[in-house]
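Please examine the structure shown below. The paragraphs that follow lead through it step by step.

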Amino acid sequence: SLGNTVRLYRDQLKKQQAAITKKIEKAIGSELNVKWNLTMLANIISAEITYGDLLKISAVDGVKRVFLENLYAPQVATEGDSPNTATTSTYMVGAADAWGSGYTGAGSRIAIIDTGIDATHQSFADAGFNHAIEELRAEGKEINLMTSIPTSGLNATGAIKLNSGNKIPFAYNYVDHNTTMTHNDAGSNHGSHVAGIAAANRYIQNGSNWEEAVDYVNAVGMAPDAQLLIMKVFGAGGGAYDSDYFAALEDAIVLGADSANLSLGSSAPGFTYSSSYQAKLNSLVNNTTNNHLVLSISTGNAYAFDDFTNTGLYAEDVHFHTGGSPGSFLNSLAVAAADRKS
């Protein structure tokens, strides 16, 4: 089968990487602290090294290129807010029209690669999700849910079904290599924020009744009946490096995710990485689309240039374009807010 062919290819590539690792260790005179062996989206060994060993590693036969990874900081809210997707996002992106046409995300899987999730939140309750799916099935719709996790082929080890539920069938912490999903250790609840925008349930349980979330709590996801694959890349051990994201993306493909969200954004416009590094990242983004995964990346995380200057923008001003890497890559689906105050 195709799955077996892919596994054989990846196993063979890992054997080759193990051989290269031994050559590198001989060249630097010490053991290589390998973080990830990436094989699906790119042939990369991610490791912690001494900066002075860069040239030694570059000279090793079989090493094509050595580059430094980016380290990302989690987004931390500076003030509280009350979600109100019912009157803003749903109409801004046309979600209400999609729902009216029968597209609620049922049967799809969204990978949230972020700071984790508050799995106890009412918007991610398994009961509300199951109620919506049962309702759709009663209408005669065939919906295939992810109910099991592959026992091999994943970068994650020991991945589990969170609370044995259907809403979140997969959860893994790629920084600490465990299944801790709360975002307290990352100091940011951004993961829950993003997961809620993507797929907060459309039903909230109120006693023995079911309430429409859009009316009851003014918050509902754009694809409320989708399942969530939670891939935590910020944790007690720090994070998140590029390779943590890449490892999660490879698993998203293995798990059959339809889309993956990366809230990565540079404050500088355009392409902001070195040419060689940018070429590698751009190739990786292209490979996600070749594997039928829609990669959603924030256009930027620095608002608009004029917010800080109050001087006005001009047509010839390069800063009019505030989208930065990697959202500026061709095959990413860049997402921006039309009105950040709402």
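**A guided reading of the predicted model**

Strands β5 (residues 203–206) and β6 (residues 209–212) run antiparallel and are joined by four bridges. Within this pairing, Q205 has W210 of β6 as its bridge partner. The two strands form a hairpin with two residues between them, and G207 in the turn has a positive phi of about 70 degrees.

The overall composition may be considered next. The protein has 10 helices and 12 strands. Of its 342 residues, 41% are buried. Among contacts with a separation of 6 or more, 75% are made by residues 24 or more positions apart.

Is helix α6 mostly covered or mostly uncovered? Helix α6 (residues 190–199) is mostly covered, with eight of its 10 residues buried. The buried residues include H190, V194 and A199. These buried residues of α6 pack against β3 (109–114), β7 (227–232) and β10 (259–262).

H177 lies in the loop between β4 (170–173) and α6. Its phi is near 55 degrees, a positive value in a residue other than glycine. H177 counts as partly exposed because its relative accessibility is 43%. N218, in turn, is found in the loop between α7 (213–216) and β7. Although N218 is not a glycine, it has a positive phi of about 60 degrees. With a relative accessible area of 36%, N218 is partly exposed.

The aromatic rings come next. A pair of aromatic rings is described by the distance of the centres and the angle of the planes. The count comes to three aromatic pairs. W36 and Y174 form a tilted pair, 5.8 Å centre to centre with 45 degrees between the planes. This pair links distant parts of the chain: W36 is in strand β1 (residues 33–38), Y174 is in the loop between β4 and α6, and the two are 138 residues apart. Both W36 and Y174 are buried. The rings of Y172 and Y174 have centres 4.8 Å apart and planes at 80 degrees, so this pair is edge-to-face. Y172 is buried, as is Y174.

Charged side chains form the last topic. Side chains of opposite charge can pair when their charged atoms come close. How many salt bridges does the structure hold? It holds seven salt bridges. In one of them, E250 pairs with R10, and the closest N and O atoms are 3.0 Å apart. This bridge links distant parts of the chain, since E250 is in helix α8 and R10 is in helix α1 (residues 2–28), 240 residues apart. E250 and R10 are both buried.

K23 forms a salt bridge with D61, with the closest N and O atoms 3.9 Å apart. K23 is in helix α1, whereas D61 is in the loop between α2 (54–58) and α3 (89–92), 38 residues apart. K23 is partly exposed, with a relative accessible area of 39%, whereas D61, at 61% relative accessibility, counts as exposed. In a further salt bridge, the side chains of D53 and K56 meet at 3.7 Å, N to O. D53 counts as buried because its relative accessibility is 10%, while K56 is partly exposed at 42%. Finally, a network of salt bridges links E135, R202 and D225.

Technical notes:
Residues are numbered from 1 along each chain as its sequence is written. Side-chain values use heavy atoms; hydrogens and water are left out. Buried means under 20% relative accessible area, exposed over 50%, partly exposed in between (1.4 Å probe, protein chains only). Contact means heavy atoms within 4.5 Å. Two strands pair if DSSP finds at least two bridges between them. Rings of Phe, Tyr and Trp (its six-membered ring) pair if their centres lie within 6.5 Å; planes under 30 degrees apart count as stacked, over 60 as edge-to-face and the rest as tilted. A salt bridge is a side-chain nitrogen of Lys or Arg within 4 Å of a carboxyl oxygen of Asp or Glu.
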